[in-house]
Amino acid sequence: MALCGLTAAALAVWLSGIHPVRAEGPSYVAAVYEHRVVLNPDPREAVERSAALEHMNKNLDVFEEQTALAAKQGAQIIVFPEDAIHGFNYTRSSIASYLETVPDPGRVTWSPCADPDRFQNTEVLHRLSCMARKNHIFLAANMPDHQVCDRLVDPLCPPDGQYQFNTDVVFSDNGTIVARYHKQNLYFEAAFDTPPTCEYVTFTTPFAGRFGVFTCFDILFREPAVTLVKDMGIRQLVYPTAWMNQLPLLAAVQFQRSFSYSAGVTLLAANVRAAALGMTGSGIFTPWDALHHHDAVGETGKLLVKRLPVLDPSVLGDGAGKARLLVPFSGHPKTEAAVEESEKEEPWPASSFSPMQSGLEPGYCPQEDCSDQPIPFTSTMMYDNFTLVALQGREGNLTVCDGSFCCHLLFQRRRSAKGELYALGAFDGLHVVHGTYYLEVCALVRCTGLEKESCGGETEHAQTLVDFHMHGTFSTEQVYAGVLGSGMTLDRPDRSGWGSKGRFYMTRTGMTTGLVTAVLYGRVYEEDSM
């Protein structure tokens, strides 16, 4: 396919970039544990408290072992997954014996390990507190919680007179409860209530300053995740999750990486391990690098430990360390030394595109011979109806639009593999399957076959090496950029950021693994309720 006036040399210039260099500064050691949960074989049947404790203690025994191992490796904080103590698929009544009341640490200062008799029926809190206290480590875990309410005072109080919450609890290194967060965005969780008001929960450590807390499905919504980062200045997050992977856009480590990179935060993500349910994918992510685990076959847990730079602005002050901080959702531009004079004004000039590629009606072509122009087609990706164009030839310049939302791609294949079809897709609309949320998405995907209807299917493997520059005409500031290589290899853009007219771009060159997905995943939060 023709390059529409752009040479391969120009492509190389546009794609070149240098990753930002991080300044030295204070650091700490964090751990996450991906846990293979011992499940209740019949979660919809109610059990006695003794049976519930026997079940949960099997998982807590593993927590205790892994906390000790993490501490021996110098970890100062450890995060465990969502649902990892009790499991999932309970009803409101069948989970009753698993519930404990977690007091609000803003009102009650309490170490369950040091004062076990202060509140009744808190055996799980006691064990977790003692793990933290014994190993001198901050510990974040997820558990079911209930809070008594009065329907005469609270009109939202459930009929049975209590809220049941999916709850994250954080303990300090002396076992004191320092944070309690009730999950805001539930994912088909019949046992739990949405909290009456959204909670924005943080806690402070002596080694790294402030952390924020949210859970699993919360990561796809503005509240509380984006508010914590953009409005409250939180740059370090603990994230228990029980995430079912779905390619090509929302595998666990894929989106965890995109969130950390795009929001400019450290994300301590602990996922459940359950092969039969497609659950795996945990990691320790900074905007610049990652240590992660994804295992779709094995049935064992995995402990990850990594030293991290402190990103809390209040700890860094105005020193050199503050230079490493990124403005959330602003992108990662090249360092000044690497910016050519010709690129300073516009990283992707609009003149690079022909009239067809500037958003005119599909099928319009200004040339006499349009046989080499790709014809748009539709295919289902992630339950959404994407408009796509296939990549043809070794290099090309493409545009695809869904209504007024357009995605643009300049690409060059460094190595092609037979039997691998790629397509550039655009979607602008309300996603309504397994959750309701509004998206603007540009996605370059490897199709699972040579048929166009296979574009959007799930695959983890690819051999084709592609250099590219992609941008979209986004109406939202929250655009999550991600690059996924073959075998669930987490890559990252060379650079990304905002150009003119609402264009958000990213570039990547020199990948050593085949490209599975390159995505700009825009979330238009204000349109979720349309």
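**Disulfides and pockets**

Cys-149 and Cys-157 are joined by a disulfide, with their sulfur atoms 2.0 Å apart. Everything described here comes from a predicted model. The torsion about the S-S bond of Cys-149 and Cys-157 is about 75 degrees, so this disulfide is right-handed. As for where these cysteines sit, Cys-149 and Cys-157 are both buried.

That bridge is one of five disulfides in the count. Another one pairs Cys-401 with Cys-406, and here the sulfur atoms lie 2.0 Å apart. Its S-S torsion comes out at about 105 degrees, so the Cys-401 and Cys-406 disulfide is right-handed. Cys-401 has a relative accessible area of 18%, and because buried means under 20%, Cys-401 falls in the buried class.

Next along comes the bridge between Cys-407 and Cys-442, whose sulfur atoms are 2.0 Å apart. This pair ties together distant parts of the chain: Cys-407 belongs to strand S16 (residues 405-415) and Cys-442 to strand S18 (residues 437-446), 35 residues apart. The torsion about the S-S bond of Cys-407 and Cys-442 is about -85 degrees, so this disulfide is left-handed. Cys-407 has 0% relative accessibility, so it counts as buried. Cys-442 is also at 0% relative accessibility and therefore counts as buried.

Cys-198 has a relative accessibility of 21%, so it counts as partly exposed. Cys-216, at 6% relative accessibility, counts as buried.

Now for the pockets. The largest pocket holds about 720 Å³ of space. Its lining is made up of 33 residues, and those nearest the centre are Tyr-187, Phe-188, Ala-242, Met-244 and Met-279. Sorted by class, the lining of the largest pocket splits into 21 nonpolar, seven polar and five charged residues.

The second largest pocket contains about 350 Å³ of space. Here 17 residues form the lining, with Asp-104, Phe-165, Arg-180, His-182 and Glu-199 lying nearest the centre. Strand S3 (138-148), strand S4 (162-171) and strand S5 (177-182) are the elements that each give two or more residues to the lining of this second largest pocket. By class, the lining of the second largest pocket has seven nonpolar, four polar and six charged residues.

Technical notes
Residues numbered from 1 in each chain as written. Predicted model: local features only at pLDDT ≥ 70, side-chain atom pairs only at ≥ 80, totals over all residues. Heavy atoms only, no water. Disulfide = S-S within 2.5 Å. Buried < 20%, exposed > 50% of the residue type's maximum accessible area, 1.4 Å probe, protein only. Helix = DSSP H or I, 4+ residues; strand = E, 2+ residues; numbered from the N terminus. 1 Å grid on protein atoms, 1.4 Å probe; cavity = no way out; pocket = protein on both sides within 12 Å on 5 of 7 lines; lining within 4 Å. Points joined across faces, edges and corners; volume = space filled by probe spheres on them. Nonpolar A, V, L, I, M, F, W, Y, C, P; charged D, E, K, R; others polar.
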